[in-house]
Amino acid sequence: RASPPLAALSQVLRLERSRRTGIVFPLQKLERYLAPGTDTARFRLFQPGLAALQRAEALFRSDRGHPIDYVSSAVRMDHAPPPALPEVCFIGRSNVGKSSLIRALFSLAPEVEVRVSKTPGHTKKMNFFKVGKYFTLVDMPGYGYRAPQDFVEMVEAYLQERRNLKRTFLLVDGVVGLQKTDNIAVEMLEEFGIPYVMVLTKIDRASRGVLLKNVLEIQEFVKENTQGCFPQLFLVSSVEFSGVHLLRCFVAHVTGNLPTLEAS
């Protein structure tokens with residue numbers, strides 16, 4: 001199956017400038033709507049150049065010498081594949097759009113099958129995807145609505161035991177903002193001292209006002225209540241590919257696959 005439009009950076013670069021910025025750096029697109037004097041330093045902490053974005057994209061593009069594969073699923077840690085490569089995991093409430101985002105990240109490797117469940121809370125296993133010889137990406141079961149009973153044990157065990165885990169991506173619905181169940185996930189990550197990042201999903205469905213309100217509230221929450229969370233939020237739309245290129249670049253960066261200078 002062919003890659004969707006705007007999945008590749010080359011397609012985005014053909015757009016006029018403001019639309020291009022909005023897709024690659026959606027957080028910066030919101031800056032102009034902020035009150036004068038608002039501190040925007042946390043909007044630009046990770047601002048890679050074109051070379052870094054292109055290099056990251058190459059990691060997410062499969063070919064014969066660089067296969068991207070679904071490896072296995074596990075319901076318990078002793079079923080997980082050996083921790084050979086740097087790893088990132090994606091967690092979030094059921095129905096937050098986790099599988100859709102992972103599918104968007106892997107859209108340049110269309111042979112990779114990321115199952116998107118019609119029923120919220122249907123992903124009940126940890127699904128491991130291997131990106132060549134560079135890193136592994138893990139899709140964790142959703143929490144909240146109809147989460148499996150053993151979800152907490154599974155996720156806690158993974159977070160505490162997985163020595164090769166480089167970063168956890170905590171997905172939050174961009175339309176509704178932080179929920180009580182998200183706070184429980186934050187508390188767990190903070191308690192275990194796991195470095196993590198917050199990703200706001202479904203930004204194409206939120207009005208600008210709602211999105212701004214949620215961004216500012218979550219940034220404030222991160223500043224006041226967290227120690228392990230990267231201060232910059234990542235905004236994504238799996239439909240329009242906004243923020244997907246930047247997120248690929250951040251994954252490449254935290255797994256040690258980008259020279260430091262390029263990603264600064």
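Arg32 is placed in the loop between helix 3 (26-31) and helix 4 (50-59); helices (H or I, at least four residues) and strands (E, at least two) are DSSP runs numbered from the N terminus.

This is a predicted model, in which local features need pLDDT of at least 70, side-chain atom pairs count only at pLDDT 80 or more, and totals for chains, interfaces and linings use all residues. Residues are numbered from 1 along each chain as its sequence is written, and side-chain values use heavy atoms, with hydrogens and water left out.

**Surface charge**

- Arg32 belongs to a positive surface patch, together with Arg19, Lys29 and Arg208.

**Buried helix residues**

- In helix 2 (residues 17-24), the buried residues are Gly22, Ile23 and Val24.
- These buried residues of helix 2 pack against helix 1 (9-12), helix 3, helix 4 and helix 9 (244-254).
- Helix 6 (residues 151-161) has Phe151, Met154, Val155, Ala157, Tyr158 and Leu159 as its buried residues.
- The cover over the buried residues of helix 6 includes strand 1 (68-74), strand 2 (87-92), strand 3 (126-131), strand 4 (135-139), strand 5 (165-173) and helix 7 (180-192).

**A buried lysine in a loop**

- Lys202 lies in the loop between strand 6 (196-201) and helix 8 (208-225).
- Lys202 counts as buried because its relative accessibility is 14%.
- Apart from its neighbours within four places in sequence, Lys202 is in contact (heavy atoms within 4.5 Å) with Asn95, Val96, Gly97, Asp173, Val175 and Val236.

**Positive phi angles**

- Most residues other than glycine have a negative phi.
- Asn95, although not a glycine, has a positive phi of about 75 degrees.
- Asn95 is located in the loop between strand 2 and helix 5 (98-105), and its relative accessible area of 52% makes Asn95 exposed.
- Phe241 is likewise not a glycine and has a positive phi of about 70 degrees.
- Phe241 sits in the loop between strand 7 (234-235) and helix 9, and counts as buried at 3% relative accessibility.

Definitions and conventions:
Patches are made of residues with over 30% relative accessible area and no salt bridge: like charges are joined within 9 Å, nonpolar side chains (Val, Leu, Ile, Met, Phe, Trp, Tyr) within 5 Å. Accessible areas come from the Shrake-Rupley method with a 1.4 Å probe; for residues, only the protein chains shown count as cover. A salt bridge is a side-chain nitrogen of Lys or Arg within 4 Å of a carboxyl oxygen of Asp or Glu. Lys and Arg count as positive and Asp and Glu as negative; His and the chain ends are not counted. The place of a charge is taken as NZ of Lys, CZ of Arg, CG of Asp or CD of Glu. Buried means under 20% relative accessible area, exposed over 50%, partly exposed in between (1.4 Å probe, protein chains only).
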